[in-house]
Amino acid sequence: MSEFDRKTIIEAAREVPVVAQSDVVVVGGGAAGVTAAISAARNGCKVTLLERYHHLGGMASGGMVLVLDDMTNGREITVSGIIDEFIARMEKEGSAVVPPESERVSSEAMWRKWSRWGVHDFHSHQKPQPITYAVAFDPDAWKRTSLELLREAGVELRLHSWFSQAIVEDGRIKGVIAQTKIGRQAILGDIVIDTTGDLDVAAGAGAAFMQGQYIVTTVFRLVNVDTEAAERFQFEHPQEHARLDREARRIIGGAWEMWWLKTPIPGVIWCNCPHMPGYDGISVEALTKAEHEGRERMMNLYDYARANLPGFENCRMLGAAEQIGVRQTRLLSGEYVVTKDDVVNRRHFADTVCRGRDYYTPYRALLPRGVEQLIVAGRHYSAEPQAQRMSREIPPCMMQGEAAGVAAGLALNAGKTLREVDAREIQRRMREQGADPGDVPSANALIAEAAA
Ligand SMILES: Cc1cc2nc3c(=O)[nH]c(=O)nc-3n(C[C@H](O)[C@H](O)[C@H](O)COP(=O)(O)OP(=O)(O)OC[C@H]3O[C@@H](n4cnc5c(N)ncnc54)[C@H](O)[C@@H]3O)c2cc1C
């Protein structure tokens, strides 16, 4: 057999230096991971956080997903905790925009004022859709805030560290190995929190998972857009606007109705498109192809917008997001798998530890089967693919992170395993630290339960 016919090679065994040893190792510095690390540190743990890139935030910053939604069920705010500190800090420096309470109503005037911020309730059947509690923010502010909060919490941060292998002994995770520029490095811990979004650690440790898939998106931003002129045209010439907008969406080849949204920087908009189906968000070949296709489509829209859309005549391309927008890949098959029915029917669980809009996450949906001292948080949590599509917004991912950090603290402080931690203790501790664990079902959930 020629050297070039080989299908596999055997890697040589090698000694790997242990560069850090912590109570808790969090892998993945996205919204869920940063929150998990802060939460675990505030609960008395020595925490190390690993991130493959040079920035924190994952989809919320590198992916330029710039609206926090699913934080209210229309009657009450359903998400609160460490996320409020992010919002308050960014708002203070003018990097976050939140509609005031008095303007969270369904009216033509408020629709005109707020819909291009993406802060309306897009699940509502009311016309116009009500303005709701949601937050538009700046991606760099998100990165800075993450760094600040982690430093204040005393978390050891290791950027440029790409998780490559789980260290598992007798069914218990003991740490991870990261690939870095200077070789492989081991980071040991009593508990590991997987917040990679793609379940890299849990899958590597042998936990069961489902392979999900959904559209990927090359989010991009345009600068020097006359948003006032664009909005004026939209509302004063609705039919002509609808025609041009339909054509824009045909050219980009896949976009939601509100495909461009304002950001806290005047004249800068983010475009939540093009949406591209059929790409596996963890395949090197697929992602490489998607990077090409996304940019081609983005530039087609750019040319069209400059030539045709009022307000866009002088805009310039600010660039594609650093990370392609991946929504769903591997999903944990954990102690409990959240179903589409659970989400749609607002099913409440006795061991609920967080909620989004009006859907609830049981503690069991963060725990893998078969691997001890490992917990997950974020978009790869244990849910059916259809359920995950409806419940993976940034705020609930952060709440899962906060709950996972609390669970780690409770386990280590009491000398218990993660599986032995009572969810009621997590709920109590979360309330003590100002977070809403969703332990009290909302009126909507009670109505849905009574109707079932
Ligand atoms: C285009 C698009 C639009 C969306 N729109 C909205 C919206 O309007 N509002 C909303 O709230 N949500 C929206 N979402 C969903 C939301 O952005 C995500 O579900 C959420 O941000 C996921 O957060 P996470 O922390 O679980 O995962 P991620 O943000 O994916 O974070 C994972 C982190 O882990 C790191 N990582 C991954 N693998 C490794 C590894 N091997 N080693 C080390 N580090 C690793 C990554 O670099 C990243 O920092 C959208 C998503 C997309 C893609």
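Into which domains is the chain divided? Select domain 1 (18-64 + 143-212 + 329-451), domain 2 (99-107 + 116-132) and domain 3 (215-326) in turn, the bounds being those of an automatic or database domain assignment. This is a predicted model, in which local features need pLDDT of at least 70 and side-chain atom pairs count only at pLDDT 80 or more, while totals for chains, interfaces and linings use all residues. Residues are numbered from 1 along each chain as its sequence is written.

**Domains 1 and 3**

Keep domain 1 and domain 3 on display, and note that their C-alpha centres lie 32 Å apart. Their contact takes 6 residues from domain 1 and 10 residues from domain 3, two residues being in contact if their C-beta atoms, placed from the backbone, lie within 7 Å. On the side of domain 1 that touches domain 3, the residues divide into 2 nonpolar, 3 polar and 1 charged. Here Ala, Val, Leu, Ile, Met, Phe, Trp, Tyr, Cys and Pro count as nonpolar, Asp, Glu, Lys and Arg as charged, and the others, Gly among them, as polar.

**The ligand shell**

Next, select the ligand and the 40 residues that surround it, of which the closest are Gly-28, Gly-30, Gly-58, Gly-197 and Gly-378; a residue is near a molecule if its C-beta atom, placed from the backbone, lies within 6 Å of it. Two or more residues of this shell come from each of α1 (31-42), β3 (67-68), β7 (162-169), β17 (325-326) and α11 (394-414), where helices (H or I, at least four residues) and strands (E, at least two) are DSSP runs, numbered from the N terminus. The shell divides into 17 nonpolar, 13 polar and 10 charged residues, and domain 1 and domain 3 each supply at least three residues to it.

**Strand β1 and its partners**

Now select β1 (residues 18-27), which runs parallel to β9 (residues 183-194) and is joined to it by 8 bridges; two strands pair if DSSP finds at least two bridges between them. Within this pair, Val-27 stands opposite Asp-194 in β9. Strand β2 (residues 47-50) is also parallel to β1, with 4 bridges between them, and Val-25 stands opposite Thr-48 in β2.

**A sheet and a helix**

Move on to the open sheet of 3 strands, ordered β15-β11-β17 with antiparallel pairing. Because β15 (275-276) and β17 stand at the edges with a single partner strand each, one side of each is left without a neighbour in the sheet. Strand β11 (residues 216-217) pairs with β15 over 2 bridges, and the bridge partner of Thr-217 is His-275.

Helix α7 (residues 238-252) is the next selection; its 15 residues reach 21 Å from first C-alpha to last, close to the 21 Å expected at 1.5 Å a residue, that span being 1.5 Å times one less than the number of residues. After α7 comes Gly-253, with a positive phi near 75°.

**Backbone exceptions**

Most residues other than glycine have a negative phi, and most peptide bonds are trans. Asp-70, in the loop between β3 and α2 (82-92), has a positive phi of about 65°. The bond joining Lys-127 and Pro-128 is cis, with omega about -10°, and the bond from Cys-273 to Pro-274 is cis, with omega near 0°. Pro-274 can be found in the loop between β14 (269-271) and β15.
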